[in-house]
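Me: I'd like to learn how to read a protein complex, one feature at a time. Could you walk me through this one?

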Amino acid sequence: MTWRPGSCAVVGIGATDFSKDSGRSPLTLAAQAAHAALADAGLTAADVDGIVRCDMDTIYPAALAEALGVPDLGYWGDAGPGGSGPAAMVGQAVAAIEAGLATTVVVFRALNGRSGLRYGKGAATDVRAGGEASYEDLYLPYGMQTAGQFFALLAQDHMNRYGKTQEGLAEIALACREHANANPAAQFHDRTMTEESYYASRMLSTPLRLFDYCLESDGAAAVVVTSAERAADLRQKPAYVASVAQAAGPEPQPGLMFPMLTRTEMLTTPAVDCARRLFGRAGLTAADVDVAQIYDCFTITVLLQLEDYGFCGRGEGGEFAAAGHLRLSGDLPINTSGGHMSEAYIHGMNHVVEGVRQVRGTSTAQVPGAQVSLVTSAPPPGASALLLTAEAS
Amino acid sequence: MTERVLPVLDDPETAGFWAAAAEHRLVVRACAACGKEHHLPRAFCADCGTVSDHWVDVPPRGRLVSWTTVQHQVHPGYPTPYTVLLVELEDRPGMRMVGQLPGQPVTPLTAGQPVEAWFEHVDDTVLPQWRPTEGEWSS
Ligand SMILES: [Zn+2]
């Protein structure tokens, strides 16, 4: 069997409000987002026969099925790990539909990432670190406890080797914020950022400042995936899945994060291998991409992916970003809802929702006539990505 | 002082690393059959399929690859500022470890500058640590 570009489409999108304290359980958030996605598609829970979740989600598919009132769930699965999962989650829905295991699949991510389980909070104080192939014993005792501290080492390495890294990081933060300012649903909708305020923001872990970090958020996002045939009869303009890919790279890593520091070339992420597979399946190239939602837990994560997906050469990410390409007026507008930096951190799932809006033409920072919409879900430890298109193939 | 995070000492993959550190030796895993060195430590050798528990001493010297000075307090046992050093072992490309020093460099750090290992005792555990061989430091 070979990949069939455009065999399936995203036909519904939904999200909750994004906040610092939702006051609701992740189950309620998941149900709200999934319900909204189904309503958007003109479907009901009775049409759903599959659910795919992130492997770090606390909500199991059957729990969401019960909350939504799905009467006959016939397929479920999960993908990840963590933030490298959302595009792969859509891919799993497509695979299930193409294999005849499901017809209509809800893909969701729900978390109280600020008021509940915070990923930026660091290690517990009462247990020893490591074991179970996590290798965290080699890092956590040394004060390496958060993703920000890990990405700071990558950013410093990039600065050591290449030019304009800092200027690029600033521009990535500024572009995301500018796009959030157009999006009423973004947490930072009303807060503008200037170059001055970026550089004035508190240094957290050199060389990364507060505004190089994403927002910890509460919320959920969901999409509905079905076959292209069925999509043609539904309410919304389909966003066809031209391609989806995953990659762990030639040096797969254990653990979630820190072991990436032992990759021979630690600034070349598995997104390189994901990109090759992604563009190959679609018969497209980086030059065909009209708009991109690039996973942005930190500004440096975006900068590295600009190089990995081939939008610029190795080491040129800083220069490319600083040149202004990432704004709405540029060649590669990114994170048009504000992304994790300025909309909300829904662990890559809000990027999928926004990638669909661009194909529909309904973004609050719309790229006119966008045909090819890239969505990435970032390393470490793996990478996945989606190419959504306005035409079936 | 609030307690530091300490490593598990009984993980089958990494126990030998910590046991050697307790004797002030810096070691990496190597396959007993083919000699291939594995860091991160792994008992299973992908090169030849052998499972062994063999460790070799390595010189306590390396080069600085990257660093970060943490200024935002996250863990109560790690008062800020402190600096994490990512080092590569001498003559072992890609074989990297981290170390941590309280405070921050006064002399700017540079990629490739020499670093040396030292051994820090914390409760019942000894951590191999790293520091630059030259330059001023403030704590
Ligand atoms: Zn061997």
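Reply: Gladly! One cut-off comes first: a residue is called buried when its relative accessible area is under 20%, exposed when over 50%, and partly exposed in between. Keep in mind, too, that this is a predicted model. By that cut-off, D157(A) is buried, because its relative accessible area is 5%.

Me: Which residue forms a salt bridge with D157(A)?

Reply: R161(A) does, and the closest N and O atoms of the pair are 3.0 Å apart. Both residues belong to helix 4 of chain A, where they sit 4 residues apart, about one turn of the helix. With a relative accessible area of 37%, R161(A) is partly exposed. There is also a network of salt bridges here, linking D157(A), R161(A) and E265(A).

Me: What about E23(B): is it buried or exposed?

Reply: E23(B) is exposed, with a relative accessible area of 52%. Its salt bridge is with R25(B), and the closest N and O atoms are 2.6 Å apart. R25(B) is partly exposed at 28%.

Me: Let's move on to the interface. How should I read its size?

Reply: The size of an interface is often given as the accessible area lost when the parts come together. Here, about 3400 Å² is buried between chain A and chain B, and carbon and sulfur atoms give 58% of that area. R128(A), Y135(A) and Y142(A) supply 23% of the area that chain A buries against chain B, more than any other three residues. As for residues in the contact, 40 come from chain A and 41 from chain B.

Me: Which polar features cross the interface of chain A and chain B?

Reply: The rule finds 24 residue pairs in polar contact there. It also finds 1 salt bridge across the interface. D124(B) and R128(A) form a salt bridge, with the closest N and O atoms 2.8 Å apart. On the side of chain A that touches chain B, helix 4 (147-161) and strand 5 (203-205) of chain A each supply at least two residues. Helix 4 of chain A gives the most to that side, with 6 residues. The residues of this side of chain A divide into 18 nonpolar, 15 polar and 7 charged.

Me: Now secondary structure. Why is helix 9 of chain A described as largely enclosed?

Reply: Because 10 of the 10 residues of this helix (residues 299-308) are buried, the rest of the structure largely encloses it. Among the buried residues are T299(A), Q305(A), E307(A) and D308(A). G310(A) follows helix 9 of chain A and has a positive phi, near 85°.

Me: And how do I read strands?

Reply: In a regular strand the side chains alternate between the two faces of the sheet. Start with strand 2 (residues 50-54) of chain A: 5 of its 5 residues are buried, so the rest of the structure largely encloses that strand. Strand 2 of chain A pairs with strand 3 (residues 75-79) of chain A in the parallel sense, over 5 bridges. C54(A) has A79(A), in strand 3 of chain A, as its bridge partner.

Me: Which strand order does the open sheet of 3 strands in chain B have?

Reply: The order is 2-1-3, with antiparallel pairing. Strand 2 (37-38) and strand 3 (55-57) of chain B stand at the edges with a single partner strand each, so one side of each has no neighbour in the sheet. Strand 1 (residues 27-30) and strand 2 of chain B pair over 2 bridges, and R29(B) stands opposite H38(B) in strand 2 of chain B.

Terms used: Residues numbered from 1 in each chain as written. Chains lettered and ligands numbered in written order. Predicted model: local features only at pLDDT ≥ 70, side-chain atom pairs only at ≥ 80, totals over all residues. Heavy atoms only, no water. Contact = heavy atoms within 4.5 Å. Buried area = accessible area lost by both parts, 1.4 Å probe. Salt bridge = Lys/Arg side-chain N within 4 Å of Asp/Glu carboxyl O. Polar contact = N/O pair within 3.5 Å; in protein donor to acceptor, adjacent residues only side chain to side chain. Nonpolar A, V, L, I, M, F, W, Y, C, P; charged D, E, K, R; others polar. Buried < 20%, exposed > 50% of the residue type's maximum accessible area, 1.4 Å probe, protein only. Pairing = 2+ DSSP bridges.
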